[in-house]
Amino acid sequence: MSILSIDTSSQVSSVAVLSAERVAAELSMQGALTHSETLMPHIGMALEMARVKKEELDGIAVSIGPGSFTGLRIGLAAAKMMAYALHIPLIAVPTLEALAHHTICEGVRLVPMMDAQKGNVYAQEFVWEAGADGLTLREMHPLVILPLSEVLAGLAGAQQPVLLLGDAMQKKTSTPLPSGVRLAPIHARMPRAACVGLAALTRLARG
């Protein structure tokens with residue numbers, strides 16, 4: 001089962017072709033070009049590199065936010081167009097849930113955050129828990145929009161290690177963090193289409 005996944009929720013434009021067994025191809029770029037300039041060429045390149053024809057896809061996954069309104073609109077339009085044209089499922093994945101798929105391990109509180117402007121962030125909290133079918137993602141706290149300082153203050157004194165993901169800290173890497181709170185390295189911090197795809201495969205398997 002191969003799917004194409006798209007993330008245009010931030011300044012990063014990311015496209016991946018993957019299955020449950022492997023990420024066959026992924027292209028991610030953060031640069032001066034807009035999503036409208038890069039997305040469709042990147043989709044074509046990813047399919048070509050993965051040696052997958054669009055007619056062989058079993059689904060299209062797309063990040064649905066929160067994030068950049070313009071970027072999300074471009075990604076959603078492309079995903080809908082392809083899904084309808086190919087008569088295959090369209091799988092919508094919340095951006096912060098996709099970010100939590102960067103780090104699949106027990107014992108860590110994952111707090112993905114996206115910039116909401118004016119010092120505010122979109123934030124959500126997840127943990128991975130072991131079950132009969134392996135590790136599953138559980139939401140600990142629902143999506144909120146709060147000042148970054150308030151989110152960080154709320155993490156002080158956490159009993160488990162906390163890992164911050166997402167672009168909210170991109171320009172604030174010097175911001176003091178509470179004890180036990182760590183910022184993910186940049187390659188594991190920014191949105192990636194492969195992570196959207198991993199979350200989408202779980203949803204697709206559930207129907």
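Student: What is the relative accessible area of R192?

Tutor: The model is a predicted one, in which local features need pLDDT of at least 70 and side-chain atom pairs count only at pLDDT 80 or more, whereas totals for chains, interfaces and linings use all residues. Residues are numbered from 1 along each chain as its sequence is written, and side-chain values use heavy atoms, with hydrogens and water left out. Buried means under 20% relative accessible area and exposed over 50%, with partly exposed in between (1.4 Å probe, protein chains only). R192 counts as partly exposed, because its relative accessible area is 30%.

Student: Which residue meets R192 in a salt bridge?

Tutor: A salt bridge requires a side-chain nitrogen of Lys or Arg within 4 Å of a carboxyl oxygen of Asp or Glu. For R192 the N to O distance is 2.4 Å, and the partner is E26. The pair links distant parts of the chain, 166 residues apart, with R192 in the loop between β10 (181-183) and α5, and with strand β3 holding E26.

Student: In what order do the strands of the open sheet lie?

Tutor: Strands (E, at least two residues) and helices (H or I, at least four) are DSSP runs numbered from the N terminus, and two strands pair if DSSP finds at least two bridges between them. Strands β2 (residues 12-18) and β3 run antiparallel and are joined by 7 bridges. The pairing of the 5 strands is mixed, and their order is β3-β2-β1-β4-β5.

Student: At what angle to β4 does helix α2 run?

Tutor: Axes are lines fitted to C-alpha atoms, for helices over the stretch in contact (heavy atoms within 4.5 Å), and angles run from 0 to 180 degrees between N-to-C directions. Helix α2 (residues 69-86) lies across β1 (3-7), β4 (59-63) and β5, and its angle to β4 is about 170°.

Student: Which side chain does that of S63 join in a polar contact?

Tutor: S63 is found in strand β4, and it counts as buried because its relative accessible area is 0%. A polar contact is a pair of N or O atoms within 3.5 Å; within protein, one must be able to donate a hydrogen and the other to accept it, and residues adjacent in sequence count only if both atoms are side-chain atoms. At 2.6 Å, the side chain joined to that of S63 belongs to T95.

Student: What is the relative accessibility of R109?

Tutor: R109 forms a salt bridge with E125, the closest N and O atoms being 2.5 Å apart. E125 is buried, with a relative accessible area of 6%. R109 also counts as buried, because its relative accessibility is 16%.
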